[in-house]
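Reader: Could you go through this model with me before I set anything up? I'd like to take it topic by topic.

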Amino acid sequence: MVERLSFSRRLFLIVNYTALIATALVCILPLAHVLALSFSSNAAATSGYVKLWPVEFTLKSYEFVLSRPAFMKSLLVTLERVAIGLPLNLLLTILIAYPLSKESSRFKLRTAYVWYFVFTMLFSGGLIPTYMTVNKAGLLDSIWALVLPGAVPVFNVVLLLNFFRGLPKELEEAAFIDGAGHFRTLWKIYFPLSLPAIATIALFTTVGHWNSWFDGLIYMNSPDHYPLQSYLQTVIASRDMTLASSTDLELLAEVSDRTVKAAQIFMGALPILLVYPFLQRYFVKGIVLGSVKE
């Protein structure tokens with residue numbers, strides 16, 4: 001039997017789908033334009049003929065980008081940053097959020113620690129004290145200058161803390177009755193049930209590391225140590241032609257400034273676009289459905 005929808009329900013669905021489609025187009029169309037621009041010829045891009053589809057399809061812009069050693073070095077620096085920063089951020093976030101999720105009766109200094117972390121999220125010493133701290137620690141011009149200053153993302157700690165507090169207490173009590181300690185309960189009970197939240201935090205952290213560019217500019221003394229976004233910022237802000245080799249000069253005759261920048265922007269965003277679908281399934285997955293039986 002087919003259910004007949006009321007007029008108000010049909011109107012709601014129409015407005016809802018229209019708003020969602022419009023929002024999706026706002027996100028997709030700029031990326032589609034950048035992609036089309038990167039695959040278009042010099043003349044088509046310069047003349048402004050490129051919209052959402054490549055004009056005079058060519059791969060010369062990508063050949064030019066991949067021929068630059070600086071681009072590949074910066075890409076490797078960013079991959080190294082994500083490979084070190086992501087596990088470190090997740091580990092510290094989980095280890096801090098678990099004890100702070102307990103009641104004050106079980107963890108007497110919980111409130112003081114929570115305010116300690118929240119205070120650091122609201123107030124900071126500023127750029128100059130942070131730079132001096134990193135300098136005195138001997139981290140300048142190293143990968144650790146990009147990882148350690150933000151090793152504890154307090155916002156993620158607050159998110160995971162609230163998620164842990166929403167899990168059924170009966171699971172923890174059952175684990176303690178069976179002889180499990182806090183660490184075993186954390187990794188055997190809390191961690192598997194929190195995969196959707198942890199996947200979301202992992203995505204936030206990965207995007208944060210991947211898109212960060214300012215810390216690379218201030219903490220790295222050599223452009224060879226720039227992460228990808230710092231390198232792209234310098235290239236897009238001002239195109240340095242003095243670094244081009246003879247091979248590059250030949251390619252420059254067939255590409256334009258707009259197509260090269262578009263190719264670099266798309267290649268910088270491509271890894272995140274590839275990772276996101278694998279984490280998406282955790283966002284809609286049930287969390288603790290059926291874990292506690294009445």
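Reader: What percentage of the residues in the protein chain is buried?

Author: Buried residues make up 36% of the 294 residues in the protein chain, where buried means under 20% relative accessible area, exposed means over 50%, and partly exposed is in between, with a 1.4 Å probe and protein chains only. Please keep in mind that this is a predicted model, in which local features need pLDDT of at least 70 and side-chain atom pairs count only at pLDDT 80 or more, while totals for chains, interfaces and linings use all residues. Residues are numbered from 1 along each chain as its sequence is written, and side-chain values use heavy atoms, with hydrogens and water left out.

Reader: And how many helices and strands are there?

Author: The protein chain has 15 helices and 0 strands, taken as DSSP runs numbered from the N terminus, with H or I over at least four residues for helices and E over at least two for strands.

Reader: Where does UniProt put the transmembrane regions?

Author: The unreviewed UniProt entry places them at residues 12-32, 82-101, 113-131, 143-164, 189-210 and 262-279; the positions follow the numbering used here, feature names are shortened, and such annotations may be inferred rather than shown by experiment. In the model, residues 189-210 are 95% helix and 0% strand, with end C-alpha atoms 31 Å apart, while residues 113-131 are 79% helix and 0% strand, with end C-alpha atoms 26 Å apart.

Reader: Switching to pockets: what volume does the largest pocket have?

Author: Its volume is about 870 Å³. On a 1 Å grid over the protein atoms alone, a pocket is an open set of points with protein on both sides within 12 Å along at least five of seven lines, a cavity is a set where a 1.4 Å probe fits but cannot get out, and lining residues have an atom within 4 Å of a point. Grid points are joined across faces, edges and corners, and a volume is the space filled by probe spheres set on the points.

Reader: Which residues are closest to the centre of that pocket?

Author: Of the 32 residues that line the largest pocket, the closest to its centre are L148, P149, G150, A151 and V152. The largest share of the lining, 5 residues, comes from α6.

Reader: What lines the largest cavity?

Author: The largest cavity, with a volume of about 40 Å³, is lined by A70, K73, S74, P223, D224, Y226 and Y231. Helix α4 gives the largest share of that lining, 3 residues.

Reader: Is D224 buried, partly exposed or exposed, and what does D224 touch?

Author: D224 is partly exposed, because its relative accessible area is 44%, and it sits in the loop between α12 and α13 (228-237). Leaving aside neighbours within four places in sequence, D224 is in contact with K73 and V77, contact meaning heavy atoms within 4.5 Å. The C-alpha atoms of D224 and F71 are separated by 9.3 Å, although these residues are 153 apart along the chain.

Reader: Which side chains have polar contacts with S212?

Author: The S212 side chain makes a polar contact of 2.9 Å with that of D215 and another of 3.4 Å with that of R81. A polar contact is a pair of N or O atoms within 3.5 Å; within protein, one must be able to donate a hydrogen and the other to accept it, and residues adjacent in sequence count only if both atoms are side-chain atoms. S212 lies in the loop between α11 (195-211) and α12 (214-219).
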